[in-house]
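Hi,

Here is the structure I promised to send over. Have a look at it first, and my notes follow below.

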Amino acid sequence: MNTAETLPPADYYTVGDPVADEKAPSGPIEERWDARRFNAKLVNPANRRKLSVIIIGTGLAGSSAAATLGEAGYQVTTFCYQDSPRRAHSIAAQGGINAAKNYRNDGDSIHRLFYDTVKGGDFRSRESNVYRLAQLSVDIIDQCVAQGVPFAREYGGLLDNRSFGGVQVSRTFYARGQTGQQLLLGAYQALERQVAAGTVQVHSRHEMLDVIIVDGRARGVVVRDMTTGQFETHFADAVVLASGGYSNVFFLSTNAMGCNVTATWRAHRKGAMFANPCFTQIHPTCIPVSGGHQSKLTLMSESLRNDGRIWVPKRRGEDRDPRDIPEQERDYYLERRYPAFGNLVPRDVASRAAKTVCDQGHSVGPGGLGVYLDLTDAIERTGRPEIEAKYGNLFDIYQQITGEDPYRVPMRIYPAMHYTMGGLWVDYDLQSTIAGLFVIGEANFSDHGANRLGASALMQGLADGYFVLPNTISDYLAAGPFEKLDASHPAVQEAVQAVRNRIDTLLSINGERTVDSFHKELGRQHPVGPLRHGAYEGGPDPCPPQGARAQVGVLAGRQGHRHQRGTEPGVGACRASGGLLRTGRADVHRRLAPGGVMRSPLPGREPDRGRRGTTRR
């Protein structure tokens with residue numbers, strides 16, 4: 001049975017009433033953040049010690065928020081499923097972080113960063129939030145330099161900058177191709193300082209299973225100790241989600257396999273609205289798929305487009321070595337189509353252009369999925385040592401994965417799912433539709449519109465954690481401390497029992513297929529994104545909920561929690577697949593194709609008309 005044809009769209013989502021951001025200030029946009037900070041209620045230092053905050057996730061947003069709130073005096077408890085906060089997926093970010101410092105004196109400013117971000121987001125961003133982000137960008141760099149983050153520097157010792165897609169200035173600060181790693185280590189050392197001070201507790205190898213709601217407020221979480229399998233309840237005056245995005249709904253993405261969107265999905269199921277789930281970003285420079293054995297894809301930093309030139313052979317079906325193809329037989333299609341930006345067009349533009357030339361038969365490499373990213377001219381112009389200093393670790397990664405030397409042979413790249421601009425709906429204070437539940441970083445939807453500019457994810461994560469949340473959460477916590485809770489409270493018992501029932505149901509299935517097999521099939525059939533060649537062919541629903549529940553097999557260990565791939569346990573993967581599946585369904589049946597999305601129409605339906613996004617209840 002084709003579920004997609006028999007069930008009307010209304011069975012997949014509900015269009016609710018318009019949602020107003022009551023916290024958004026008015027007045028000149030340049031003054032709104034200062035006005036909001038002044039009007040927000042404060043908590044004096046003595047009272048902060050009586051208030052507690054739970055933070056889910058220890059990436060850039062989570063670690064920076066925990067360190068800052070801990071230093072302010074709040075009692076903070078953090079949870080991560082990794083064995084250390086240092087292994088959060090933020091560590092995989094490569095290219096850089098934007099800031100309107102204008103060190104190059106090339107016309108950059110806070111207003112230009114604001115404009116570029118709004119324009120890059122297809123004019124669908126919240127302008128107040130974006131201007132605040134641009135304002136705070138300059139403070140982020142100062143904060144990170146003070147922490148000792150080893151940003152690249154020019155010969156004279158000044159911080160260096162490079163360009164990223166969608167802009168015509170150089171505003172990206174970087175640490176070779178390891179910017180995310182260095183920024184995370186800076187946030188981690190600030191976090192550990194507060195751990196030593198006793199204001200922050202870190203629980204590694206723990207996964208959030210549900211949010212505890214008491215009288216309409218988020219008051220705690222149900223978590224699972226991934227080492228023992230035991231359920232635990234933890235309580236606080238406020239809960240913060242900093243657990244990242246949901247690109248893994250497509251199976252093959254640049255995200256780690258452990259990025260399973262469980263925390264966000266459980267919050268959504270408890271009533272937090274989900275905004276713009278179709279706003280997913282497709283990164284144009286990833287190593288192409290090499291076979292069906294892959295469970296994820298590897299990113300090649302967008303910074304390579306500073307010095308690299310993207311091209312395909314003009315002749316279709318070309319099988320010559322790229323070094324043997326003369327210049328006049330190459331199509332530098334981005335430079336030809338977008339001369340003002342050249343190879344540094346925004347990510348959505350570069351991704352759509354790559355898919356277009358590949359669909360026209362000009363693709364390179366095995367599988368028909370690839371274009372060339374060629375740094376030959378840059379190596380000849382500046383010399384190999386300078387290229388090694390900028391991109392050496394990226395070249396090493398590429399060579400280890402493909403077996404090809406990018407110093408001698410052009411890289412092969414192709415777009416891949418990378419980042420999600422959609423997420424839980426939040427107001428100007430980063431509070432969701434559940435009182436006391438705050439959402440920061442990639443987990444919320446607030447700043448990037450329909451397409452994030454390169455090097456802006458790290459900027460948002462650190463802005464939210466270091467500067468925005470610590471100034472806005474006080475407005476909510478000023479009414480606390482709230483009623484003390486314990487495990488005997490009816491709402492707590494109800495949440496724990498619901499978690500037990502879900503897991504017991506999964507463990508009782510004893511099916512014949514693994515969770516990953518359904519996830520992989522869903523990723524293959526998903527009609528969204530440039531990885532799809534041609535239109536969706538219809539046929540049976542790749543993963544109908546009833547069929548999935550009937551066939552899923554879970555490896556049973558201690559309470560059914562035996563580990564797979566050293567990251568996500570069997571039950572966790574099975575539970576997460578439900579959230580990924582439903583998020584994917586919302587995407588399949590949308591009528592929206594903005595920003596980075598490139599979608600072929602479903603059979604018998606008109607093409608997308610570019611309607612604006614909606615908030616999903």
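Predicted model: local features only at pLDDT ≥ 70, side-chain atom pairs only at ≥ 80, totals over all residues.

Before the sheets, a word on terms: two strands count as paired if DSSP finds at least two bridges between them. Helices (H or I, at least four residues) and strands (E, at least two) are DSSP runs, numbered from the N terminus.

Residues are numbered from 1 along each chain as its sequence is written, and side-chain values use heavy atoms, with hydrogens and water left out.

**The antiparallel sheet**

Three strands make an open sheet, ordered β6-β7-β8, with antiparallel pairing. At its edges sit β6 (206-214) and β8 (231-235), each of which pairs on one side only. On average, neighbouring strands here are turned by 30° against each other, direction ignored; axes are lines fitted to C-alpha atoms, for helices over the stretch in contact, and angles run from 0 to 180 degrees between N-to-C directions. β6 and β7 (residues 217-225) are joined in the antiparallel sense over 8 bridges. If you want a pair to click on, V211 has V221 in β7 as its bridge partner. Helix α14 (residues 490-507) lies across β6, β7 and β8 and runs at about 140° to β6.

**The parallel sheet**

The other sheet I looked at is also open, but it has 5 strands in the order β5-β2-β1-β9-β17, and the pairing is parallel. Its edge strands are β5 (200-203) and β17 (437-439), each pairing on one side only. Neighbouring strands are turned by 20° against each other on average, direction ignored. Between β9 (residues 238-241) and β17 there are 3 bridges, and the two run parallel; V239 has L437 of β17 as its bridge partner. Helix α4 packs on this sheet and touches β1 (52-56), β2 (75-79) and β5, its direction making about 165° with that of β1. Contact here means heavy atoms within 4.5 Å.

**Helices around α13**

Which helices pack against α13? Among them are α4, α2 and α6.

Take α4 (residues 60-72) to begin with: α4 and α13 (residues 457-477) pack at an angle of about 30°, their axes 8 Å apart. Their crossing is right-handed. (A crossing is left-handed if the near helix is turned anticlockwise from the far one by less than a right angle, and right-handed if clockwise.) On the α4 side the contact residues include L60, A61 and S64, and on the α13 side they include G461, G465 and Y466. By class, this contact has 10 nonpolar, 4 polar and no charged residues. For the classes, Ala, Val, Leu, Ile, Met, Phe, Trp, Tyr, Cys and Pro count as nonpolar, Asp, Glu, Lys and Arg as charged, and the others, Gly among them, as polar.

Next is α2 (residues 32-39), whose axis comes within 9 Å of that of α13 and crosses at roughly 40°. That makes α2 oblique to α13, since angles under 35 degrees count as roughly parallel, over 145 as roughly antiparallel, 65 to 115 as roughly perpendicular and the rest as oblique. α2 passes α13 in a left-handed crossing. W33, R36, R37 and N39 of α2 meet F467, V468, N471, T472 and D475 of α13. That contact has 3 nonpolar, 3 polar and 3 charged residues.

Then there is α6 (residues 127-147), packed on α13 at an angle of about 80° with the axes 9 Å apart. That makes α6 roughly perpendicular to α13. The residues involved include L133, L136 and I140 of α6 and M459, L462 and F467 of α13. The class count is 10 nonpolar, 4 polar and 2 charged residues.

Most residues other than glycine have a negative phi, and most peptide bonds are trans. Two spots to look at, then. The peptide bond from G480 to P481 is cis, with omega near 0°, and P481 is in the loop between α13 and α14. N105 is not a glycine, yet has a positive phi of about 55°; N105 is in the loop between β3 (97-98) and α5 (110-120).

**Confidence**

The chain has a mean pLDDT of 84, and 82% of its residues reach 70 or more; pLDDT is the predictor's confidence in each residue, from 0 to 100. It stays under 50 over residues 580-593 and over residues 599-617.

Cheers
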